[in-house]
Amino acid sequence: MKICTVCKVEKDGVNFNKDTRKMDGLRSSCRDCDAIKGKIYRSNNVEKLKIDHANYERKNRSKLTAYRSKYRAENAEKVKEQDKRYKRTRKEKEMLSEKILLSCQDVTDPKIVAWLNSIVNNNVPTPK
Ligand SMILES: [Zn+2]
């Protein structure tokens, strides 16, 4: 058991990430606090992280390409499923944005009017 220096809660060792520089081999803050800190850092450094990521990709392009093609070869089935899921989601999003775009251009089309009405009737409660 160890007390987190941030939230001051006593937790089991498995709730702390490893840190080889520390005497007990664990970070002083717990995983939950680290996760919150990470989220705050990432949201405050979106542009910097984008640049860092692009630089990393550029510097390690050949290594990453080799790793990715090896992974795709070793996990062919998994990758195929992920690709299928990605394509399906993208198609659904495209269809939805197409519908929204159409509704903005031509609200006199009875089909689009009916579609808009169905959205309004489902989401907005009728006034009393
Ligand atoms: Zn904590």
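Start by selecting lysine 8, which sits in the loop between strand 1 (2-3) and strand 2 (10-11). Strands here are DSSP runs of E with at least two residues, helices are runs of H or I with at least four, and both are numbered from the N terminus. This is a predicted model, in which local features need pLDDT of at least 70, side-chain atom pairs count only at pLDDT 80 or more, and totals for chains, interfaces and linings use all residues. Residues are numbered from 1 along each chain as its sequence is written.

Lysine 8 is not a glycine, yet its phi is positive, near 65 degrees. Is this residue buried or exposed? Lysine 8 counts as exposed because it has 7 C-beta neighbours inside 10 Å. The cut-offs are 20 or more other C-beta atoms within 10 Å for buried, 12 or fewer for exposed, and partly exposed in between, with C-beta atoms placed from the backbone.

Next select glutamate 10, in strand 2. Glutamate 10 is also exposed, with 11 other C-beta atoms within 10 Å. Leaving out residues up to four places away in sequence, glutamate 10 touches Met1 and Ile3; a contact means C-beta atoms, placed from the backbone, within 7 Å.

Then select residues 61-74, helix 3.

Finally, show the whole protein, with elements running β-β-α-α-α-α-α from the N terminus. Of its 128 residues, 2% count as buried.

Definitions and conventions. The expected span of a helix is 1.5 Å times one less than its number of residues. Two residues are in contact if their C-beta atoms, placed from the backbone, lie within 7 Å.
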